[in-house]
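Dear colleague,

I am handing over the structure below, followed by an account of what was found in it. Please read the notes alongside the coordinates.

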Amino acid sequence: MSEWLKSYRENHADFDHPSGIDALGSNPFVAFSTWFDEAATAHEKEANAFVLSTLGPDARISSRILYLKELQDQAFVFYTNYLSHKGQDISRQEKVAMLFFWPGLMRQIRIEGRVQAIDAAISDAYFASRPRESQIGAWASEQSTILPTRSLLIERFEHFDQRFPNEVPRPPHWGGYALHPEYFEFWQGQPSRLHDRKSFCLKDGIWETNLLHP
């Protein structure tokens, strides 16, 4: 495997999409929306999926895939279990990073900032829009804790399915977070590893932009 990895590389020589870096403008939220819409139009699979990285109490970084659900008031909104590994990390350290990657377009966007729980009413509204199975699953899963057997999870699912035969209320331990960005970096793959990179850094309320070496 190691020998195969040494020789495996993508030179992007056949990449036929325009870079788009020069057209990003000075507003990173508009730039993100433009690239996101282009990813969705290009049928990138699960274009709203992103990697969320958090910092644990022992300075250990953890990463996992989540889904962006809304861009609201210049904040990126996602939902999860507040008692999960990531939820506990966030409760101790609000600084996090998210990463979007769209391989078909050879683009990625890094976003760093501070995250806070959103208003309960917004979480209630989103939870009510979820499929019933997902709602029951939010009650059944004690996310990130040890699961002795999968049958126990099924039993818990069936228990809450019976407990809530009609409307399923939002669990108090489940809801949304909003990431308020302080840094963006847009990356566009180019041949010969001469990739395009552009950063947006928030300083005194103003977004400072720079091109970066690949």
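The lining of the largest pocket comprises 7 nonpolar, 6 polar and 3 charged residues. Please bear in mind that this is a predicted model. Lining this pocket are 16 residues, and those nearest its centre are Tyr 79, Thr 80, Arg 130, Gln 143 and Trp 174. The space in the largest pocket amounts to about 340 Å³. Three elements, strand S2 (61–67), strand S4 (76–81) and helix H5 (132–140), each contribute at least two residues to its lining.

The second largest pocket holds about 160 Å³ of space. Its lining runs through Ala 140, Ser 141, Glu 142, Gln 143, Ser 144, Thr 145, Ile 146, Leu 147 and Pro 148, and also includes Leu 152, Leu 153 and Arg 156. Helix H6 (residues 150–163) is the main contributor, with 3 residues. By class, 6 of the lining residues are nonpolar, 4 are polar and 2 are charged.

For the overall setting, the protein has 6 helices and 9 strands. Its C-alpha atoms occupy a box of roughly 60 × 50 × 40 Å along the principal axes. Of the 214 residues, 38% are buried. Among contacts with a separation of 6 or more, 63% are between residues 24 or more positions apart.

Because 6 of its 6 residues are buried, S4 is largely enclosed by the rest of the structure. On one side of the pairing scheme, strand S3 (residues 70–71) runs antiparallel to S4 and is joined to it by 2 bridges, with Leu 71 opposite Phe 76. The hairpin of S3 and S4 has 4 residues between the strands, and Asp 73 adopts a positive phi near 50° there. S4 is also paired with S7, again in the antiparallel sense, over 6 bridges. In that pairing Tyr 79 faces Gly 176 of S7.

Helix H3 (residues 85–92) has Lys 86, Gly 87, Asp 89 and Ile 90 buried. Viewed down the axis of H3, these buried residues fall within an arc of 160°, and they therefore line one face of the helix. They pack against strand S1 (49–55), S2, S4, strand S5 (95–102), strand S6 (107–117) and S7.

Strand S7 (residues 174–188) and strand S8 (residues 196–203) run antiparallel and are joined by 6 bridges. S8 also pairs with strand S9 (residues 206–211), in the antiparallel sense and over 6 bridges. Between S8 and S9 the hairpin has 2 residues, and Asp 204 takes a positive phi near 55°.

Which residues does Ser 199 contact, leaving aside its neighbours within four places in sequence? They are Tyr 183, Phe 184, Glu 185, Glu 208, Thr 209, Asn 210 and Leu 212. Ser 199 lies in S8, where it stands opposite Glu 185, while its bridge partner in S9 is Asn 210. The relative accessibility of Ser 199 is 5%, which is under the 20% cut-off, so this residue counts as buried.

With kind regards

Terms used. Residues numbered from 1 in each chain as written. Predicted model: local features only at pLDDT ≥ 70, side-chain atom pairs only at ≥ 80, totals over all residues. Heavy atoms only, no water. Pairing = 2+ DSSP bridges. 1 Å grid on protein atoms, 1.4 Å probe; cavity = no way out; pocket = protein on both sides within 12 Å on 5 of 7 lines; lining within 4 Å. Points joined across faces, edges and corners; volume = space filled by probe spheres on them. Nonpolar A, V, L, I, M, F, W, Y, C, P; charged D, E, K, R; others polar. Buried < 20%, exposed > 50% of the residue type's maximum accessible area, 1.4 Å probe, protein only. Arc of directions from axis to C-beta. Contact = heavy atoms within 4.5 Å.
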